[in-house]
Amino acid sequence: KKLRVGLLFGGCSGEHEVSLSSARAIAQALSADQNTGKYEILPFYIRKDGRWQAGELAQQVLESRTPLQLESSTPDSPSPIASSEISTANTQQLNRWQSPSQAAEIDVWFPILHGPNGEDGTVQGMLKLMQVPFVGSGVLGSAIGMDKIAMKMAFAHAGIPQVKYIAVNRSQVWSNPCVFPKLCDEIEGTLGYPCFVKPANLGSSVGISKVRSRTELETALDNAASYDRRLIVEAGVVAREVECAVLGNDNPKASVVGEITFESDFYDYETKYTQGEADLLIPAPLPDAIATQIQDLALKAFAAIDAAGLARVDFFYVEATGEILINEINTFPGFTATSMYPQLWAASGISFPELVDQLVQLALERHT
Ligand code: ADP
Ligand code: MG
Ligand code: MG
């Protein structure tokens, strides 16, 4: 009997479109030759407004036909799923709540969601409550992995080297005119310039600024505060950016190490998602001893936040001093065919279809 895999994709985050690309790649891999007959795929699309769509509508989104095109389709075309609940919104077909009946049939969930409302423990909490196995980290690992302040506290406790940082609350930036200058003084005194100002709970470099002066610092704090209540400011390092993929539950394995190279000032949103702006070097040209240290630290980081299934751990390698500093962990890294995570495993001997197969098996193993 085929295992029914619920693909959960889209989501209420700035990385909605990245999720669609990852979901397409994963859906293909689950039905690749190697996995023939094993899986039945049921797509569930989470729209940006948080509504769920299952069945034909979700399938169409997965097959690149955008939700916009869906809107212009005949409003009274027969619905593939019987559904009694109709929303009050005017676009009838788009707003039909179709998920509950299909969701009950799922054997294992594959939440392919990046960023807040998906990679952060929210969806994981809901799936846990449903008592159905799901791919990836649970509530704790996802939540710690999403919040850069909590993440760094966990790393510090595990003795993993990282840059100096200051945790900031939005209220220090916005509400009190006496507090803000003091905060800026403290940042300048402790971290100096350049430093990086970040919303604590985001991804894809959204809301992140590299700042070199007091004026830039003030603007960057104000900007980051518009994204999140929790902010972090980090001392800037000049370093190579290297990444390691981790796969497994209680005895996880580390992949070969990869490197990202680019011309821009830092690895910002545009560099990440513009074709040709960044290159992946797999494996990274590193001394063996350095690569081994990175792999060890990646496994430590995975355990430090209680990650499960998969994670990509990102580091700064300061070549001049040989220092390896952890930057962050991502509990659901980009997962398109050209993304770092699957490519690191391909270079380590695990093909894309094999990788998604293992992830599903790890979800089942963890649940029992
Ligand atoms: P995200 O979770 O959005 O990917 P990161 O913390 O990884 O955010 O930061 C995005 C990019 O910004 C990094 O890949 C790196 O290029 C740059 N960056 C972030 N923090 C620092 C730092 N402390 N020193 C130097 N570069 C940094
Ligand atoms: Mg991240
Ligand atoms: Mg990053």
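Modeller: Axes here are lines fitted to C-alpha atoms, for helices over the stretch in contact, with angles running from 0 to 180 degrees between N-to-C directions. This is a predicted model, where local features need pLDDT of at least 70 and side-chain atom pairs pLDDT 80 or more, while totals for chains, interfaces and linings use all residues. Residues are numbered from 1 along each chain as written, chains are lettered from A and ligands numbered from 1 in written order, and side-chain values use heavy atoms, without hydrogens and water.

Colleague: How is H7 oriented relative to H8: roughly parallel or roughly perpendicular?

Modeller: Helix H7 (residues 139-146) packs on helix H8 (residues 148-157) with the axes 5 Å apart and an angle of about 105°. That makes the orientation of H7 to H8 roughly perpendicular.

Colleague: Which residues of H8 make the contact with H7?

Modeller: Contact means heavy atoms within 4.5 Å. H7 contributes Ile-144, Gly-145 and Met-146, and these meet, in H8, Lys-148, Ala-150, Met-151 and Ala-154.

Colleague: In S2, which residue stands opposite Val-5?

Modeller: Strand S1 (residues 3-10) runs parallel to strand S2 (residues 39-46), and eight bridges join them, where pairing requires that DSSP finds at least two bridges. Within S2, the residue opposite Val-5 is Ile-41.

Colleague: And which residue of S4 is the bridge partner of Phe-9?

Modeller: S1 is also joined by five bridges to strand S4 (residues 108-112), again in parallel. The partner of Phe-9 in S4 is Ile-112.

Colleague: How many residues of S1 are buried?

Modeller: Buried means under 20% relative accessible area, exposed over 50% and partly exposed in between (1.4 Å probe, protein chains only). S1 is mostly covered, and of its eight residues the number buried is six.

How values were computed:
Helices (H or I, at least four residues) and strands (E, at least two) are DSSP runs, numbered from the N terminus. Angles under 35 degrees count as roughly parallel, over 145 as roughly antiparallel, 65 to 115 as roughly perpendicular and the rest as oblique.
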